[in-house]
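Welcome! Let's walk through this structure together, one question at a time.

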Amino acid sequence: PGKKKGNKKRKLQEIQRDDEQDDNKKTQESSSNNSADMDFSKAKPTMTHMALAKLVQVQKLQFVITQNVDGLHKRSGLSRNHHAVLHGCVFTEVCHDCQMEYFRDFDVGGMSFSKTGRHCQNCGGDLRDFLLDWEDELPEFDLDRAVDHCERADLVLCLGTSLRIEPAGGLPTKADQFVLVNLQETPYDAKASLIIRAPVDHVMDELLKKLGYPKWRDEEETKEITIERQWKRPPPLSP
């Protein structure tokens, strides 16, 4: 892929995934805020979640962008350092005083940044839920990171996404090139460098093997996953 000019030039891949799931999806995922009524507590990461975490681990992938609220990227072992959550997460509560995030095993309750009744272990501030309602604007912190990474990307991979929810849908077009892996057509098909009509899990499995990790699935099944429970948001990106 071509390189961006200027100080922002670097090798970078991005992932965007949202609520449009392929036929082989093994768990229910949705970016709809109606998912607040669904129980995600027993959901487990899919092969694709684990593949993305593996790619970050071996430094083939820099960043993940998701509209899902199920916390499965966290459960795959992926740190918030490496992914933006555009629609929030039902398992995350945030201290708006010191910006510490807490990832729980239970739905923290609430919607639209309401107080959960718990307090920050770091500063004692009130914790608030991290689940957007339809009227809420996307969290500026995560959206800024998503835009920044896409603008610096040589390549964006769009996995199982309809690209119909804006402004997230247009993010891939900010990169040099983007590849669509989706069974259905999207509004951005004409702008994609490559379109793959196949189940995402199958594509990611083959990608890891082609990259030199033929036994990656066996390794992921036997390793112990460390879930990041606390994470402090860094200062906002410079203009």
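Before we start, a word on naming: helices (at least four residues) and strands (at least two) are DSSP runs, numbered from the N terminus. Please keep in mind that this is a predicted model.

Q: In which loop does Q59 lie?
A: Q59 comes after helix 1 in the chain. Its loop runs between helix 1 and strand 2 (63–66).

Q: Is Q59 buried or exposed, and what is its phi?
A: The relative accessibility of Q59 is 66%, and exposed means over 50%, so Q59 counts as exposed. Q59 is not a glycine, yet its phi is positive. The value is about 65°.

Q: How many of the residues of helix 1 are buried?
A: Helix 1 is mostly covered. Among its buried residues are M47, H49, K54 and V56. In total, the buried residues of helix 1 number 10 of 11.

Q: Which element gives the largest share of the lining of the second largest pocket?
A: This pocket holds about 170 Å³ of space, and its lining includes P45, M50, W216, R217 and I225. Two elements give two or more residues to this lining, helix 1 (47–57) and helix 5 (216–222). The largest share is four residues, and it comes from helix 5.

Q: How many charged residues does the lining of the second largest pocket have?
A: Sorted by class, this lining has five nonpolar residues and one polar residue. The charged residues in it number three.

Q: What is the volume of the largest cavity?
A: A search of the whole structure for cavities of 30 Å³ or more finds one. The volume of the largest cavity is about 100 Å³.

Q: Which residues that line the largest cavity are the closest to its centre?
A: The lining is made up of 16 residues. Helix 2 (72–75), strand 3 (83–85) and strand 4 (88–95) each give two or more residues to it. By class, the lining divides into five nonpolar, seven polar and four charged residues. The closest to the centre are G71, K74, H83, V85 and C89.

Q: Is C89 buried or exposed?
A: C89 has a relative accessible area of 6%. Buried means under 20%, so C89 is buried.

Q: How many disulfides does the structure hold?
A: Consider C123, where the nearest cysteine sulfur is that of C95, 3.5 Å away. A disulfide needs two cysteine sulfur atoms within 2.5 Å, and C123 is in no disulfide. For the structure, the number of disulfides is zero.

Q: Why is the pair of F141 and W231 tilted?
A: The structure holds two aromatic pairs. The rings of F141 and W231 have centres 6.0 Å apart. Planes under 30 degrees apart count as stacked and those over 60 as edge-to-face. The planes of this pair lie at 50°, so the pair is tilted.

Q: How many residues apart in sequence are the parts that the pair of F141 and W231 ties together?
A: F141 is buried at 16% relative accessible area, and W231 is buried at 5%. F141 belongs to helix 3 (residues 140–151) and W231 to strand 11 (residues 230–232). The parts tied together are therefore 90 residues apart in sequence.

Q: Which residue lies over the face of F91?
A: Arginines sit over ring faces in this model, one of them being R233, over F130 at 5.1 Å from the ring centre. For F91, the distance to the ring centre is 4.6 Å, and the residue is R75.

Q: What is the phi of S112?
A: S112 lies in the loop between strand 5 and strand 6. At 30% relative accessibility, S112 counts as partly exposed. Its phi is positive in a residue other than glycine, with a value near 65°.

Q: How far apart in space are G109 and V90, C-alpha to C-alpha?
A: G109 has its place in the loop between strand 5 (100–103) and strand 6 (115–119). In sequence, G109 and V90 are 19 residues apart. In space, C-alpha to C-alpha, the distance is 7.1 Å.

Notes
Residues are numbered from 1 along each chain as its sequence is written. This is a predicted model: local features need pLDDT of at least 70, side-chain atom pairs count only at pLDDT 80 or more; totals for chains, interfaces and linings use all residues. Side-chain values use heavy atoms; hydrogens and water are left out. Rings of Phe, Tyr and Trp (its six-membered ring) pair if their centres lie within 6.5 Å; planes under 30 degrees apart count as stacked, over 60 as edge-to-face and the rest as tilted. Buried means under 20% relative accessible area, exposed over 50%, partly exposed in between (1.4 Å probe, protein chains only). A charge sits over a ring if NZ of Lys or CZ of Arg is within 6 Å of the ring centre and within 35 degrees of the ring normal. On a 1 Å grid over the protein atoms alone, a cavity is a set of points where a 1.4 Å probe fits but cannot get out, and a pocket is an open set with protein on both sides within 12 Å along at least five of seven lines; lining residues have an atom within 4 Å of a point. Grid points are joined across faces, edges and corners, and a volume is the space filled by probe spheres set on the points. Ala, Val, Leu, Ile, Met, Phe, Trp, Tyr, Cys and Pro count as nonpolar, Asp, Glu, Lys and Arg as charged, and the others, Gly among them, as polar.
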